[in-house]
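Subject: Structure handover

Hello,

Here is the structure we talked about, with notes on what was found in it. Please read the notes alongside the sequence and the coordinates.

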Amino acid sequence: MKDFRSYIPGISDPAEFGVFERSVHKTEKGEYVFTARTGKGDRIVAERSAGFKGEGFTGADGKEYVLAENCHENGELLRKLFPFTAPSPILSKQRTVGTGDRLGIATPGHLRAFSRFDVYPVLAQQSVRELNLTERDFENVLDCASRAVFREDYTRGWGADGDHLKTPEEVEYAISCGYTMITLDCSAYIKNVSAMTDQELEAEYIPNEMLENEYLTGPVKVSDALTVEMDMKTLMQAVIIYGKAIDFAAKIWREHIKGRPVDFEISIDETDTPTVPAHHYFVANELTKRGVKITTMAPRFCGEFQKGIDYIGDLDQFRAEMKKHAAIADAFGYKISVHSGSDKFSVFPSVGELTGQHFHLKTAGTSWLEAMKLVAMKDPALYRQIHGFALENFTKATAYYHVTTDLSKIPALETLSDAELPALFENSDARQLIHITYGLILTARNVDGSLRFKDRLYDLWNTYEEDYAALLDAHIGRHLEMLCGGR
Ligand SMILES: [Zn+2]
């Protein structure tokens, strides 16, 4: 392949010079900006006068160009010059799916899948936990997404989610970086009552005549199809479990969200107790009374939504409750958000159907698993090293994630041929082993301080970029197809 430095925009064939065809854009002033393969990852190349920071060179056309650094300043400039590369609040669209991109290289593959469906993507979607575990920050995650959107010329609109934020500082930081969705994690304010006796509940509950009059005087009509009925115990539970979380959400709304172009999601999913529909109604109604406007809410559904594997639980019960959750969300004018939604193939058709195709789903980390499958396919020796490292460090990783992985169900690698390695990614226990150890794998260092796996991994993913995009297109495409029911 010829070098991108010899490419003449508007004249040469982009593919011949390692330039992404769809990436060739002009600024309003007529300066060329495009994305090129450099052998060390994709980089933006621009005429110098466009203002990007980076190393300069003279192009084959005699003009001055810059090989733009992947810094935040250049990300800001890109979003200014080409507004479609900036995220926007899109959660009020019918169907939205958050993919995130832990590695900063998955978005082109994701976009291929999204371009085949009437679903809007949230391409940047990172929790503070994930940022810490991968040593990235909100700016970097957003910049990676913007560059990918530019490269693929994806002009339909996309969102950026500051996911599972827990403090006012985190919320403010994400919004100041340009995030267009805030997912407020209220778990620190949610009380676990599952071990409390009735006496303990009564002792903790502060009688509230207004609430009792409102909720206990008969069934509440939510919609034509749904009424919610509460007894004293259910009300006491609702107040004790969610009371402080509701106040916290209302304060964040008033002080940080109201009046700004941001979708607001309330997440009460990372708790021990499933959110029963009556409690969901209580939370929605109390938020509404406090003037809080949310775009999405993530209840904790019955059954288990563990990372990287299919749903574990009673599908009929899930369907019955999802129907009620969706009716409540509908009545209050927001939509249901399903978290840890990667690979939940058995519930996707129900989510699509029972929400009336009005949902948000967050996948997380499944693009990392596809990336590791690619390693198993292309560099079995490296995969074996990493798998061994993950087994040694598994217990450490369970501090961050709730999983029920049984390591004894993973076949010993020495019994598998190289060709059999990719099939490990069909084994739920092997998936979870690799899924939750990502942070440790990416940040592991040798004694001399160099990165143990990360550089080799990125080199491989860069070399097999096309194969990776094809894997993601198929994998996320399968999610979207099952959710949309072929729409
Ligand atoms: Zn969640």
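Pro411 is partly exposed because 13 other C-beta atoms lie within 10 Å of its own. The cut-offs are these: a residue is buried with 20 or more other C-beta atoms within 10 Å of its own, exposed with 12 or fewer, and partly exposed in between, the C-beta atoms being placed from the backbone. Pro411 is found in the loop between helix 13 and helix 14. Its C-alpha atom is separated by 46 Å from that of Phe34, and the two residues are 377 apart along the chain.

Two notes on reading this. The model is predicted, so to speak of local features a pLDDT of at least 70 is needed, side-chain atom pairs count only at pLDDT 80 or more, and totals for chains, interfaces and linings use all residues. Residues are numbered from 1 along each chain as its sequence is written.

Thr398 has its place in that loop between helix 13 and helix 14 too. Thr398 is partly exposed, because 15 other C-beta atoms lie within 10 Å. Leaving aside neighbours within four places in sequence, Thr398 is in contact with Val403 and Ile436; contact means that the C-beta atoms, placed from the backbone, lie within 7 Å.

**Helix 13**

Helices (H or I, at least four residues) and strands (E, at least two) are DSSP runs, numbered from the N terminus. Helix 13 covers residues 380-397 and bends by about 40° at Leu391. The bend is the angle between axes fitted to the seven residues ending at a residue and the seven starting there. Tyr383, Ile386, His387, Ala390 and Ala397 are buried in helix 13. The buried residues of this helix pack against helix 12 (366-378), helix 14 (428-436) and helix 15 (438-443).

**Domains**

The chain is divided into domain 1 (4-69), domain 2 (85-366) and domain 3 (376-477). These bounds come from an automatic or database domain assignment. Between domain 1 and domain 3, the C-alpha centres lie 35 Å apart.

**The barrel**

A closed barrel of 8 strands runs 6-7-8-9-12-13-14-15, with parallel pairing. Two strands count as paired if DSSP finds at least two bridges between them. Neighbouring strands of this sheet are turned by 25° against each other on average, direction ignored.

Strand 12 (residues 263-267) pairs with strand 9 (residues 181-185) in the parallel sense over 5 bridges. Leu184 stands opposite Ile266, and Asp185 has Ser267 as its bridge partner. On to strand 13 (residues 296-298): 3 bridges join this strand to strand 12, and the two run parallel. Here Ser267 stands opposite Ala298.

Is strand 12 buried or exposed? Of its 5 residues, 5 are buried. In a regular strand the side chains alternate between the two faces of the sheet. In strand 12 both faces are covered, with Asp263, Glu265 and Ser267 buried on one side and Phe264 and Ile266 buried on the other.

Helix 4 (residues 138-152) lies across strand 7 (120-127) and strand 8 (159-165), running at about 155° to strand 7. Axes are lines fitted to C-alpha atoms, for helices over the stretch in contact, and angles run from 0 to 180 degrees between N-to-C directions.

An open sheet of 5 strands has the order 1-2-3-5-4, with antiparallel pairing. Its edge strands, strand 1 (25-26) and strand 4 (54-58), each pair on one side only. Strand 3 (residues 42-47) and strand 5 (residues 64-68) run antiparallel and are joined by 3 bridges. Ala46 has Val66 in strand 5 as its bridge partner.

**The core and helix 8**

The largest nonpolar core has 130 residues, and Ala46, Ala145, Ile182, Ala249 and Val351 touch the most other members. Helix 8 (residues 232-257) gives the largest share of this core, 11 residues. Such a core is a set of buried Ala, Val, Leu, Ile, Met, Phe, Trp, Tyr and Cys residues joined through C-beta atoms within 7 Å. Not counting residues up to four places away in sequence, Ala145 touches Asp101, Thr107, Leu123, Ala124 and Ala160.

Helix 8 bends by about 50° at Tyr242. Just after this helix, Gly259 takes a positive phi of about 85°.

Regards

Methods. Two residues are in contact if their C-beta atoms, placed from the backbone, lie within 7 Å.
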